[in-house]
Amino acid sequence: MKTLKISLALIVVAAITFFVIRSFVAPDKVEEIKSSGNPFIDKIQQEIKTLQLKPENKFCKEYYTEVSYHIDDYHKNSRLGKSKLENDQWKENLSKQLYAAYTDKFIKQAYYIFNRSDWAINDLSFIRNEYRTLQSSPMLERNSPIDRRFNEIKSIINKHDEITVFIASCKGFSYSQKDLDMQFPIVDVSSKISKAISYRNNRLENSFVNNCTRLHSGLNEIPQALFRAHVKYLDNMINTWSNMFTNYNSQKAYVDGIYSPLENKIDELDNNIYKVSDFSSEYDRLKEKWQNDGTRAYNHFN
């Protein structure tokens with residue numbers, strides 16, 4: 001009777017282990033686990049249980065790595081079974097249990113971040129590297145629910161990175177051409193502003209990415225950043241062409257050659273695409289700055 005009870009207990013443990021692993025890895029790769037009362041195995045399984053109880057608001061890669069090290073160390077020293085075959089089988093089964101537990105925990109921890117409004121760059125960097133590592137594991141069944149969760153994480157990270165790169169390109173935009181015959185790329189600038197508006201109107205094209213306030217703030221700052229780039233371009237143009245009237249024989253030649261073309265460029269700033277609070281003050285400043293050069297030219301020729 002005692003032997004029967006022990007056998008039933010072993011069957012229950014094996015069945016539980018089988019179904020836990022089966023939800024994460026391909027069924028044809030899973031082997032039933034037979035308990036041996038081995039203290040090293042018990043220690044690993046207790047550590048796996050502890051990992052399952054880790055909080056979702058803090059990554060636990062270090063603990064996972066530590067448990068993985070214990071499995072490898074016990075296996076290397078033949079502490080997981082009496083024979084090589086048994087030692088190898090326990091290593092494989094424990095590794096699968098650990099992978100299943102950690103994968104489940106990592107996904108929950110990643111979505112804890114995605115559901116927040118503050119996405120720390122370090123957290124995203126960890127998630128980006130970790131999901132790639134876990135998804136490339138031979139223990140993962142392709143196209144399984146867990147694999148699909150990894151693909152969803154991938155789409156979230158990719159959309160975040162796409163918008164981040166776009167914001168950086170807008171904020172880093174500049175135009176240093178000083179030739180009067182060259183036109184400021186207002187069409188490109190307008191397209192960037194329209195794209196920023198489209199992202200915001202479409203909830204950043206991903207419900208989780210939409211939670212990231214840093215991206216919203218960055219998109220909102222794009223019109224101002226592009227406006228400042230346009231103003232800087234005009235300031236540089238005025239600085240370059242100021243006092244050049246001395247190279248002309250008449251005021252009309254100066255007006256036709258320099259003053260009017262640059263005045264037109266300043267007027268192009270008033271294109272109704274920026275819609276920023278300091279538009280009027282900057283536009284008036286630039287107009288006055290160039291008009292002062294015109295006044296000096298008038299006095300020079302008269």
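**Surface**

I began with the surface: the protein exposes about 16,700 Å², and carbon and sulfur atoms supply 51% of it. These areas come from the Shrake-Rupley method with a 1.4 Å probe, and for residues only the protein chains shown count as cover. I noted that this is a predicted model, where local features need pLDDT of at least 70 and side-chain atom pairs count only at pLDDT 80 or more, while totals for chains, interfaces and linings use all residues. Residues are numbered from 1 along each chain as its sequence is written, and side-chain values use heavy atoms, with hydrogens and water left out.

Next I looked up burial: 40% of the 302 residues count as buried. Here buried means under 20% relative accessible area, exposed means over 50%, and partly exposed lies in between (1.4 Å probe, protein chains only).

**Fold**

I found 11 helices and zero strands. Helices are DSSP runs of H or I with at least four residues, strands are runs of E with at least two, and both are numbered from the N terminus. I then checked contacts, meaning heavy atoms within 4.5 Å. Of those with a separation of 6 or more, 75% are between residues 24 or more positions apart.

**Core**

Which residues touch the most other members of the largest nonpolar core? I found Phe-114, Phe-150, Ile-153 and Tyr-274, in a core of 77 residues. Helix 4 (residues 84-114) gives the most to this core, with 12 residues. Such a core is a set of buried Ala, Val, Leu, Ile, Met, Phe, Trp, Tyr and Cys residues joined through side-chain atoms within 4.5 Å.

I followed Phe-114 further. Leaving out residues up to four places away in sequence, Phe-114 touches Trp-119, Leu-124, Ile-127, Ile-153, Ile-156, Ile-157, Phe-208 and Asn-211.

**Helix 8**

In helix 8 (residues 213-220) I found Leu-215, Gly-218 and Leu-219 buried. They cover an arc of only 95 degrees around the axis, so they sit on the same side of helix 8. That arc is taken from the directions from the helix axis to the C-beta atoms. I also looked up what covers these buried residues, and the cover includes helix 6 (145-171), helix 7 (186-201) and helix 9 (222-241).

**Salt bridges**

How many salt bridges are there? I got 21, taking a salt bridge as a side-chain nitrogen of Lys or Arg within 4 Å of a carboxyl oxygen of Asp or Glu.

I opened three of them.

- Lys-171 and Glu-221 meet at 2.4 Å, N to O. This pair links distant parts of the chain, 50 residues apart, with Lys-171 in helix 6 and Glu-221 in the loop between helix 8 and helix 9. Lys-171 is partly exposed at 41% relative accessible area, and Glu-221 is partly exposed at 38%.
- Glu-263 pairs with Lys-287, their closest N and O atoms being 3.8 Å apart. Glu-263 lies in helix 10 (residues 251-267) and Lys-287 in helix 11 (residues 279-301), 24 residues apart. Glu-263 is partly exposed at 22%, whereas Lys-287 is buried at 17%.
- Arg-296 and Asp-293 meet at 3.1 Å, N to O. Both lie in helix 11, three residues apart, about one turn of the helix.
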